[in-house]
Amino acid sequence: MGKKRENINKAKESGKVQDQNMATLFDYEIALQVQEGHEKGCPSQTNSDQETDEETFEEPPSVREDRLNVAKRMKERKFKALVEFRCRVEDAILGDYLFGKPSNKVGGEDNAKAIEQLKEITLWGVPLMPSKRHGGTDIVLLKFLEAKDYKVLEALEMLQRTLKWRKEFKADEILEENLVPGFENLTYQNSRDKDGHPVYYNVYGALKDQQTQYRILASEEKREKFLRWRVQYMEKAIKELRFQPGGTNSIVQIIDMKHAQGPTTKELRSVCRKSWKLFQDHYPHLIHLNIIINVPLWYYISHTFSSRLKTQRKKSKIVIARPGKVTSTLLKFIPPENLPVEYGGFKRDNDDDFSPEDKVSEVTVRANAFEHIRIPAPQAGVTMVWDLTVVVSCDVSYKEEFIPDDEGSYKVLLQNEKEKKKGEGVRNSFYISEPGKIVITFDNPLLKKKVLYRYKTKPTVPIYVLNKK
């Protein structure tokens, strides 16, 4: 933040904002803060690598100066584009041509009324009138600028097309429509990723056969309903976002292709292309990350991304995971306590045993070795509950047992699995009648593996006490 503030102060002293028609000094400072905050929310591996390199060796002064000058020019270019875009949006509102060509009517009561209405226009709940100084206006405008590589006129045209489409499609009213029947198993929202982005799951396996696809998409009316449902779900996702400096303003989308068979029907291919293009054209940079999981072999062989998708791939991150890598891939982005149990995480619906705040621990099981997880249980009269999942590599054998502290007592075998499959979450519990410990033993004959686990004690009233009452 020190360097950023220094850049702003230098900009003030250098007189870069002398033209008050373009931006006030206050606008310059706020715009830079918003831009830098937006860039901070979408870090790139390249920047991270550069920071690491700077720590390990010292660049020649000339090289460092050239690199800093390039970065400075890029920031200036982006800032100037934002300022110009703000001015053009303001002019489009005041000139009554935000939805297209300027009106032929000049003056008059109707024209003044239309302009007053445009001044109150919002997109995704954010006012578009820059002079209102809403904290989210620049964030929304930057999404259109980034989608068009900071080409202002193209960004303005994209914004105009989006507003016109929303009006024709009645996107602002779509949340009130009842479109769920038939689609309820296709998409759901479940918690957030490590950076706070809402995570949405698209389960294509629900359309696992052509008969199901035909039933849902047989007619043009049904395909239109499906498309409106996709837009409705995106609008619901937007309600979870916060268009403010430092807020989360994009989502993570997970596309699960498990049980998805190929080839798909032409109706499904058509509606998927339409929805993808629609999101690209009218919801720019609202998807922070696409993760496609359980990708079948036919997907690799027969499916080639369309030119539209290839264009979008340059601008938004796409991660693809084959069935054997689903859990390890998802855990790179989503904490285990927020990842559903069916994907190898610990999140369960209506979970009375654990909360997201409960600590998750990790242990590495070396190849050709035994590894033990010891859960202390020093207090009798409670129930010990634990979760565990094997994250990477192949299956592993394991067993669970209770070992009392009293050497005269017997061990209790709780679980003896010859194979514990990767990405398969397990929960178990045991009533502690005397002090001791739960010991989970892993026998790993092959490659190194990672195991995640957590545990918790719960006060318990024995059944025989309840029966007496």
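Predicted model: local features only at pLDDT ≥ 70, side-chain atom pairs only at ≥ 80, totals over all residues.
Reader: How many cavities does the search find?

Author: The search of the whole structure finds 2 cavities of 30 Å³ or more. The largest cavity holds about 90 Å³ of space.

Reader: How do you know which residues line the largest cavity?

Author: A lining residue has an atom within 4 Å of a cavity point. The residues that line the largest cavity include Leu186, Tyr204, Phe226, Trp229, Leu268 and Ser275. The elements that give two or more residues to this lining are β4 (198–203), α9 (220–239) and α10 (266–282).

Reader: What is the make-up of the lining of the largest cavity by class?

Author: That lining has 8 nonpolar, 3 polar and 1 charged residues. Arg counts as charged, and Arg230 is one of the lining residues. Tyr and Cys count as nonpolar. Tyr204 and Cys272 are in the lining too.

Reader: Which residues line the second largest cavity?

Author: Among them are Thr187, Tyr200, Asn202, Arg230, Met234, Gln253 and Phe279. Thr187, Asn202 and Arg230 also line the largest cavity. By class, the lining of the second largest cavity divides into 6 nonpolar, 3 polar and 1 charged.

Reader: Which element gives the largest share of the lining of the second largest cavity?

Author: That is α9, with 4 residues. β4, α9 and β5 (251–256) each supply at least two.

Reader: What is the strand order of the open sheet of 5 strands?

Author: The order is β3-β4-β5-β6-β7, and the pairing is mixed. The edge strands are β3 (187–192) and β7 (317–320), and each of them pairs on one side only. Neighbouring strands are turned by 20 degrees against each other on average, direction ignored.

Reader: How do you know that β4 and β5 pair?

Author: Two strands pair if there are at least two bridges between them. β4 and β5 have 5 bridges, in the parallel sense. Tyr200 and Gln253 both line the second largest cavity.

Reader: Where does α9 lie?

Author: α9 lies across β3, β4, β5 and β6 (287–293). Its angle to β3 is about 15 degrees.

Reader: Why is the pair of Tyr201 and Tyr343 called stacked?

Author: Rings pair if their centres lie within 6.5 Å, and planes under 30 degrees apart count as stacked. The centres of Tyr201 and Tyr343 are 5.5 Å apart and their planes are at 5 degrees, so the pair is stacked. The pair links distant parts of the chain, 142 residues apart. Tyr201 is in strand β4, and Tyr343 is in the loop between α13 (326–330) and β8 (361–365). The structure holds 13 aromatic pairs.

Note on methods:
Residues numbered from 1 in each chain as written. Heavy atoms only, no water. 1 Å grid on protein atoms, 1.4 Å probe; cavity = no way out; pocket = protein on both sides within 12 Å on 5 of 7 lines; lining within 4 Å. Points joined across faces, edges and corners; volume = space filled by probe spheres on them. Axes fitted to C-alpha atoms, helices over the stretch in contact; angles between N-to-C directions. Contact = heavy atoms within 4.5 Å. Phe/Tyr/Trp six-rings, centres within 6.5 Å; stacked < 30°, edge-to-face > 60°.
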